[in-house]
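Hi,

Here is the structure I promised to pass on to you. Have a look at it first, and then read on for what turned up.

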Amino acid sequence: MSEQTKFDNKIVQWVDDRLPVFTILKHSAVDYPTPKNLNYWWNFGSLAGMMLVIMILTGIFLAMNYAANTGIAFNSVERIMRDVNGGWLLRYLHANGASFFFIAVYIHIFRGLYYGSYKAPRELLWWLGLAIYLTMMATAFMGYVLPWGQMSFWGATVITSLFSAFPVIGDHIVTWLWGGFTVDNPTLNRFFALHYLLPFVIIGLVMLHLVALHTVRSNNPLGIDIKGPQDTLPFHPYYTIKDLVGVGFFLIVYLAVVFYAPNFFGEPDNYMPANPMVTPSEIVPEWYFLPFYAILRSIPDKLGGVCCMFGAIIILFFLPWIDSSKVRSAKFRPIYKQVFWIFLADCFLLGYCGAHKPEGNVVLLGQLGTAAYFAFFPLLWIIGKVEKPRPLPQSIAQPVLKPMEKI
Amino acid sequence: MRKLILSTLVSRRGHNTNDAGAITLPKRIAGAIRSGTIALAAVGFAAAMAPAFADEGPALEHQNWPWLGVFGKYDQAQLKRGFQIYHEVCSNCHSLKLIAYRNLADIGFTPDEIKAFAAEKSVKDGPNDQGDMFDRPARPSDHFVPPFANDQAARAANNGALPPDQSLIVKARKGGPDYVYAILTGYEDAPAGVTVPDGMSYNKAFPGHNIGMPQPLTDDVVTYADGTKATLDQEAKDITAFLNWTSEPELDARHSMGLKVLGFLVVLTALFYALKRKIWSDVEH
């Protein structure tokens with residue numbers, strides 16, 4: 001961003017001399033040198049960005065018609081569904097958009113895990129990504145409370161009550177979160193205010209994420225550094241068009257759900273108005289929280305469970321230093337490659353356990369899954385020490401060492 | 001199902017690395033991990049299959065509803081028959097608070113018919129110029145007038161049980177329309193040895209089987225205005241269709257818009273892909 005670009009258009013040049021927005025845009029969205037070997041797993045960053053925009057746009061128009069008051073919140077959502085022009089479309093885009101935002105982000109995170117995108121010099125890039133993920137979880141949780149259905153109310157009660165596990169200050173924290181002595185109107189009001197605020201915090205974090213990305217440059221499937229211009233392509237048109245292909249496919253799946261199975265990710269119970277006197281037979285959070293919910297329920301001790309649940313995310317911040325291997329991409333790490341798939345399978349297993357009543361085998365499976373989740377991290381350190389990585393290619397432009405050996 | 005796919009995926013990965021043959025030192029560790037992978041896949045498979053995990057109520061039989069599928073839409077004649085059942089049977093106990101009389105235009109009733117339906121009920125309005133509250137006939141803009149003044153009155157008249165509002169009943173139950181249909185056709189004599197509490201009925205589809213609602217539908221409980229033969233099965237299907245409409249009145253618009261949007265997106269994505277191939281054709285990769 002140090003030197004300014006010259007533009008043909010006089011007005012553009014006039015603005016750019018005073019405020020270098022066009023130089024910044026050209027630098028980061030047009031010329032940005034991108035590794036030439038990125039595969040389609042690299043689409044999910046831009047897809048997550050697209051979902052953030054869709055969520056904010058639909059959310060603003062929903063907020064114009066929503067009423068954050070326990071007496072009328074449920075009916076105001078139904079009014080959006082029935083009487084507001086295009087209201088059903090806005091709400092289904094927003095509710096399913098949350099799920100697809102998480103789908104994009106989860107694939108993005110696991111892509112980073114597989115190709116070692118968290119390793120030096122990308123530690124802060126990884127941290128900012130995790131900060132976005134945490135803020136997303138808070139936003140999604142509070143958003144789910146707003147329709148004020150049965151699962152909204154009881155989900156909010158269960159999750160906020162977790163903080164009571166902390167000794168001495170726990171109950172005070174919960175009262176402070178609720179704004180009273182139970183989940184009630186003050187809780188709904190503050191959740192609405194924060195649900196509207198946090199997406200803009202996410203925008204700020206995304207900008208920092210992009211600044212960090214453009215400073216250290218994108219990782220790539222080989223996990224080796226960019227050696228020179230022969231390894232890269234300008235972002236535009238090569239990756240703008242490739243991202244658009246991803247956008248097309250992703251929108252097809254997302255909108256197919258919106259139009260033909262809009263309640264697929266939802267719980268029927270949330271179409272019943274919140275009733276503090278009736279507890280649902282089973283309280284389940286949204287699917288994207290299920291693995292953590294399973295970890296929480298696998299620990300017999302309440303405080304221990306809460307600590308493990310938060311620890312499961314906190315530990316990800318230390319990943320760049322836990323992983324002792326210098327090689328980034330799992331392509332060249334025969335053992336890590338397999339452990340990665342086991343870890344992914346374990347996350348699905350935990351998700352399954354989180355979705356089912358903690359009875360019988362589910363408890364045992366959940367505990368095994370939790371143990372496996374936390375075993376992954378020390379194992380990662382050991383693997384880096386004992387594993388013999390396969391030889392790395394010289395550069396991205398010459399990925400094949402010998403003609404016979406295919407990567 | 002998800003677990004199943006994953007299991008195959010995991011074991012396939014294991015084979016791939018085996019083929020590569022580039023592992024020298026940690027063969028034993030890799031072997032152990034491979035066994036671990038298979039074990040985990042097996043556990044996942046078992047978890048997906050084990051009937052012990054089934055925590056749902058009685059299994060529901062899937063009905064072939066006309067509005068299912070990409071081209072699915074409501075059958076207006078059926079919705080009108082369903083409304084007749086709600087009007088003559090269900091509305092004696094169940095409210096439908098989210099629906100206004102004017103909404104009946106969507107299922108084919110004329111403005112005069114709608115005015116007549118609304119005028120059957122009276123609502124409290126006011127205050128008037130003298131400051132008094134007064135009763136007036138309901139208008140098309142009013143929401144359906146509930147059968148009871150409040151929940152307590154509804155319970156008092158129904159043996160302590162509260163008949164739930166039906167506006168969202170299909171979306172608020174696991175199994176949706178299949179569940180509602182199964183309840184309406186699930187009444188039978190209690191099996192030998194099972195005692196049903198006083199004032200309750202035995203229903204094979206209801207969780208716990210003892211249901212507060214007496215059997216609402218039997219053959220010929222209504223005489224259809226359009227001449228359709230009113231069997232229990234026909235009535236149950238028609239009222240379920242009507243209640244699906246009250247839950248999802250936007251369904252027809254949603255399905256037809258979806259077709260256009262997805263059709264457009266498929267073409268757009270194909271164009272994007274062709275353009276991508278064109279732009280990347282000069283890149284060695």
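To start with the chain as a whole, buried residues make up 53% of the 407 residues in chain A. Please keep in mind that this is a predicted model.

In secondary structure, chain A has 15 helices and 2 strands. Its radius of gyration is 24 Å, close to the 22 Å from the globule rule for 407 residues, so chain A is as compact as a globular protein of that length. The C-alpha trace spans about 70 × 60 × 45 Å along its principal axes. Of the contacts in chain A with a separation of 6 or more, 78% are between residues 24 or more positions apart.

Now for two helix pairs. Two packed helices are described by the angle between their axes and the distance between the axes.

Take H6(A), residues 123-145, and H9(A), residues 185-216: their axes come within 8 Å and cross at roughly 160°. That angle is over 145 degrees, which makes H6(A) roughly antiparallel to H9(A). The crossing is left-handed, and the contact residues comprise 22 nonpolar, 6 polar and no charged.

The other pair is H14(A), residues 334-355, with H15(A), residues 361-386, whose axes come within 9 Å and cross at roughly 155°. These helices are therefore roughly antiparallel to each other, and H14(A) also passes H15(A) in a left-handed crossing. Among the contact residues are A:Phe343 and A:Asp346 of H14(A), and A:Gly366 and A:Phe376 of H15(A). By class, this contact has 17 nonpolar, 3 polar and 1 charged residues.

Enjoy exploring!

Best wishes

How values were computed:
Residues numbered from 1 in each chain as written. Chains lettered and ligands numbered in written order. Predicted model: local features only at pLDDT ≥ 70, side-chain atom pairs only at ≥ 80, totals over all residues. Heavy atoms only, no water. Axes fitted to C-alpha atoms, helices over the stretch in contact; angles between N-to-C directions. Helix = DSSP H or I, 4+ residues; strand = E, 2+ residues; numbered from the N terminus. Parallel < 35°, antiparallel > 145°, perpendicular 65-115°, else oblique. Left-handed = near helix turned anticlockwise from the far one by under 90°. Nonpolar A, V, L, I, M, F, W, Y, C, P; charged D, E, K, R; others polar. Rg over C-alpha atoms; globule rule 2.2 N^0.38 Å. Buried < 20%, exposed > 50% of the residue type's maximum accessible area, 1.4 Å probe, protein only. Contact = heavy atoms within 4.5 Å.
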